[in-house]
Amino acid sequence: MPAPRLHRVAVLVLEGAKPLDVGIPAQVFTTRASMPYEVRVCGATPGPVAGGDGLAYDVAHGLDALAWADIVFVPGYRFPDRDDPPRAVVEALIAAHDRGARLAAISTGAFALAATGLLDGRRATTHWHYTRALAARHPLVRVDENVLFVDEGSVLTSAGAASGIDLCLHILRGDLGVAASNHAARRLVAAPYRSGGQAQYVPRSVPEPLGERFAATREWALHRLGEPLTLDVLARQAGVSPRTFSRRFVEETGYTPMQWVMRARVDLARELLERSQRSVEQIAADTGLGTGANLRQHFQRILGTTPGEYRRTFTRGE
């Protein structure tokens with residue numbers, strides 16, 4: 001079996017870089033047998049870079065890493081609304097994008113991408129504390145302050161550090177499939193899937209114990225996707241009324257309960273298509289989607305493809 005194509009990842013450390021933001025892509029995409037990625041941490045020049053929060057970095061690579069990479073991550077950094085990154089950095093990001101690399105910002109790294117002009121006319125997000133500053137500094141960017149991440153194809157942005165994990169898992173899911181993304185999520189002890197459209201933070205009016213109870217309900221449902229899961233069943237398990245459950249569930253996840261169940265079933269079907277030889281009819285029954293026709297319909301609506309084409313995509317060359 002031929003080896004999978006190696007994806008080359010550059011993590012660009014700017015002055016004042018936030019340590020958690022730097023560590024997320026470096027850890028998620030670190031080279032291992034199950035992950036066909038190679039990571040290079042770089043700066044404007046090789047050598048020491050002053051970081052934020054009391055940490056500094058000694059990077060081995062300069063901007064040549066951006067000419068090498070397929071994906072360039074720009075972690076968040078301190079005081080992004082004061083000055084743009086050095087001109088050489090901006091030009092290297094533009095050149096990488098022109099060459100076909102994807103650019104992905106974590107948190108305030110979005111300011112560096114905005115400085116390139118590549119976000120003009122596109123949706124983008126950043127940490128909620130800086131969304132207004134981003135909109136004021138770069139008025140052509142369509143700033144969305146109510147989402148975890150935004151995928152505009154060749155440029156991607158995310159909110160705070162934790163949503164950087166969501167963005168990395170989203171990229172993994174597109175590159176390698178659901179099985180690889182779920183494996184990485186388990187290794188990170190992270191939620192395997194949070195919608196990019198989910199709110200950046202739960203409104204303060206929602207009590208924390210309720211949020212914990214709903215997380216337990218989602219976990220409970222994930223182990224029962226082949227069973228009937230109605231709004232009443234989920235609300236009963238959570239111990240609240242269906243109306244309360246539905247309203248609070250949307251606030252927590254960005255989806256209605258039934259939309260979330262449907263996407264969870266489709267994700268499970270994707271993993272079974274990737275990792276098993278079961279027929280479409282068998283997978284539809286196992287995931288609670290009923291019939292092969294239903295599975296095909298939801299695949300087309302949610303993913304824009306068919307189960308057969310999806311399976312071929314992730315088993316090609318095996």
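How many aromatic pairs does a search of the whole structure find? I ran that search on this predicted model, and it came back with seven aromatic pairs.

**Entry: Phe29 and Phe73**

I looked at this pair to begin with. The rings of Phe29 and Phe73 sit 5.4 Å apart, centre to centre, with 35° between their planes, and the pair is classed as tilted. I then checked where the two residues lie. Phe29 belongs to the loop between α1 (19–28) and β2 (37–42), while Phe73 is in strand β5 (residues 71–74). The pair therefore ties together parts that are 44 residues apart in sequence. Next I asked myself: is Phe29 buried or exposed? Phe29 has a relative accessible area of 0%, so I noted it as buried. Phe73 also went down as buried, because its relative accessibility is 0%.

**Entry: Phe245 and Phe249**

I moved on to another tilted pair, Phe245 with Phe249, and read off 5.3 Å between the centres and 40° between the planes. Both residues are in helix α10 (residues 242–253). They are four residues apart there, so about one helical turn separates them. I looked up burial here too: Phe245 is buried at 0% relative accessibility, and Phe249 is buried with a relative accessible area of 2%. Which residues do ring pairs link into a cluster? I found Phe214, Phe245, Phe249 and Trp260 joined in this way.

**Entry: α11 against α13**

Time for some helix packing. Two packed helices are described by the angle between their axes and the distance between the axes. For helix α11 (residues 257–275) and helix α13 (residues 292–303), I got an angle of about 105° and axes 11 Å apart. Roughly perpendicular covers 65 to 115 degrees, so α11 is roughly perpendicular to α13. I listed the residues that make the contact: α11 brings Met262, Arg263, Val266, Ala269, Arg270 and Leu273, and α13 brings Leu295, His298, Phe299, Arg301, Ile302 and Leu303. Sorting the residues of this contact by type gave me eight nonpolar, one polar and three charged.

**Entry: the whole chain**

I counted 14 helices and 10 strands in the protein. Of its 318 residues, 48% count as buried.

Notes. Residues are numbered from 1 along each chain as its sequence is written. This is a predicted model: local features need pLDDT of at least 70, side-chain atom pairs count only at pLDDT 80 or more; totals for chains, interfaces and linings use all residues. Side-chain values use heavy atoms; hydrogens and water are left out. Axes are lines fitted to C-alpha atoms, for helices over the stretch in contact, and angles run from 0 to 180 degrees between N-to-C directions. Helices (H or I, at least four residues) and strands (E, at least two) are DSSP runs, numbered from the N terminus. Angles under 35 degrees count as roughly parallel, over 145 as roughly antiparallel, 65 to 115 as roughly perpendicular and the rest as oblique. Contact means heavy atoms within 4.5 Å. Ala, Val, Leu, Ile, Met, Phe, Trp, Tyr, Cys and Pro count as nonpolar, Asp, Glu, Lys and Arg as charged, and the others, Gly among them, as polar. Buried means under 20% relative accessible area, exposed over 50%, partly exposed in between (1.4 Å probe, protein chains only). Rings of Phe, Tyr and Trp (its six-membered ring) pair if their centres lie within 6.5 Å; planes under 30 degrees apart count as stacked, over 60 as edge-to-face and the rest as tilted.
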